[in-house]
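Colleague: I am new to this structure. Could you show me how to read it, one feature at a time?

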Amino acid sequence: SLWSFSNHLQNKVLPSIKNNKSIRISSILSRKRNKGKIDNKNIKWFFNKKDFFKNNHSDYVYISSINSKHYQDCRDVLNNKKNVICEKPICLNVKQLSILKNIAKKNKVKIFEMAQYVEHPVFNKIKNIIKKKKFGKILYVQSAFKVPLYKNKGFRFNAEQGGGALYDTGFYPISILYTLFKSKRMQIIKSNIVHERGVDISGDLFCRNDMDVYFDLSWGFKSNYQNYINILCENVSIYVNFIFSKKIFQNAIIEIRDQKNNKVIKIKKSNQINLAFNKYLTSTDKYHNEKLQESLNILKIIEKIK
């Protein structure tokens, strides 16, 4: 089932779901019906939660409401013993997610935060390179996600609705502390958040993990587009552009740079949204618990610097 019919869902997620043979949309909860995007007589449309839960026979509910509603929406779904996949940020603080975690455990259902970039083959390739330690110790990681979003409109520029760059673009570079490097302890050396009209529009974080790797992370709105990671090892640097957000189908390259050569590793085109869905829908308890812990760790950092 689809909970809310946001623009992001319609433009990016829905085209992937339609082409995924493992998924069948059974129902949609929305304030209004949109026949332009979905005109399928087998899909039931609901306009209030009571009717939605009374007639819901789905296995998973995908939540794409605004950030400030995620916690309560997830809670409603979990209390009705349905599995949840929620767009990031799944909650606005650790306390909220801890409550959801307990509800999910009690009702024997799962809850995932949609972080599709983690399932793209380029990300898994980087993980393998890091794991093998082929290029020596990792010393320094720089990553940024910035977008040319200038109009002060929509929930992203409304703090009461859970807006702000930190929860939006900031989530991604901060998340690599745990999705890519599996950090156990973090020392925040320096952080800075820039506010405008009551909402944060950019930020940066300099920190170090328990493996003595330094991270220089930045994010924001109202900026030239940036979406990359650069990993400095003892012998080379590993650079990937478009590491986080991608087109629905997009290939990728990993550049291995040293003083003499620039080796390129090509990664085949993949739909990271569908890869994420397939992973969640067939997940083991171990994978689910690992992903939930990652989400908790990301929120802990966000809370500390917010």
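Modeller: We go from the whole chain to single strands. Keep in mind that this is a predicted model.

Colleague: How many helices and strands are there in the protein chain?

Modeller: The protein chain has 8 helices and 14 strands.

Colleague: What does the radius of gyration say about the chain?

Modeller: Compare it with the value for a compact globule. With 306 residues, such a globule would have a radius of gyration near 19 Å; the protein chain has 20 Å, so the two agree. The C-alpha atoms fill a box of roughly 65 × 40 × 40 Å along the principal axes.

Colleague: What share of the residues counts as buried?

Modeller: Of the 306 residues, 54% are buried. Here the cut-off matters: buried means under 20% relative accessible area.

Colleague: Now a single strand. Which residues of β5 face which side, and are they buried or exposed?

Modeller: Start with the general idea. Side chains in a regular strand alternate between the two faces of the sheet. Now the case here. Asn83, Ile85 and Glu87 lie on one side of β5, and Val84 and Cys86 on the other. Both faces are covered, and these residues are all buried.

Colleague: Which strands are joined to β5?

Modeller: Strand β4, residues 60–63, runs parallel to β5, with 4 bridges between them. Tyrosine 62 has isoleucine 85 in β5 as its bridge partner. From β4 the chain crosses through helix α3, residues 70–79, to β5, in a right-handed β-α-β crossover. Strand β6, residues 111–114, is also parallel to β5 and joined by 4 bridges. There, valine 84 has isoleucine 111 in β6 as its bridge partner.

Colleague: What handedness does the unit of β5, helix α4 and β6 have?

Modeller: That β-α-β unit is right-handed, with α4 covering residues 94–107.

Colleague: What is the strand order in the open sheet of 8 strands?

Modeller: The order is β8-β9-β10-β7-β11-β12-β13-β14, and the pairing is mixed. The edge strands, β8 (186–196) and β14 (262–270), each pair on one side only. From one strand to the next, the twist averages 10°.

Colleague: How many bridges pair β9 with β10?

Modeller: Strand β9 (residues 199–209) and strand β10 (residues 214–220) pair over 7 bridges, in the antiparallel sense. Aspartate 204 stands opposite serine 218 in β10.

Colleague: Which helix lies across β8, β9 and β10?

Modeller: Helix α8, residues 285–305, does. It runs at about 60° to β8.

Methods:
Residues numbered from 1 in each chain as written. Predicted model: local features only at pLDDT ≥ 70, side-chain atom pairs only at ≥ 80, totals over all residues. Heavy atoms only, no water. Buried < 20%, exposed > 50% of the residue type's maximum accessible area, 1.4 Å probe, protein only. Helix = DSSP H or I, 4+ residues; strand = E, 2+ residues; numbered from the N terminus. Pairing = 2+ DSSP bridges. Right-handed = clockwise from strand over helix to strand, strands pointing away. Rg over C-alpha atoms; globule rule 2.2 N^0.38 Å. Axes fitted to C-alpha atoms, helices over the stretch in contact; angles between N-to-C directions. Contact = heavy atoms within 4.5 Å.
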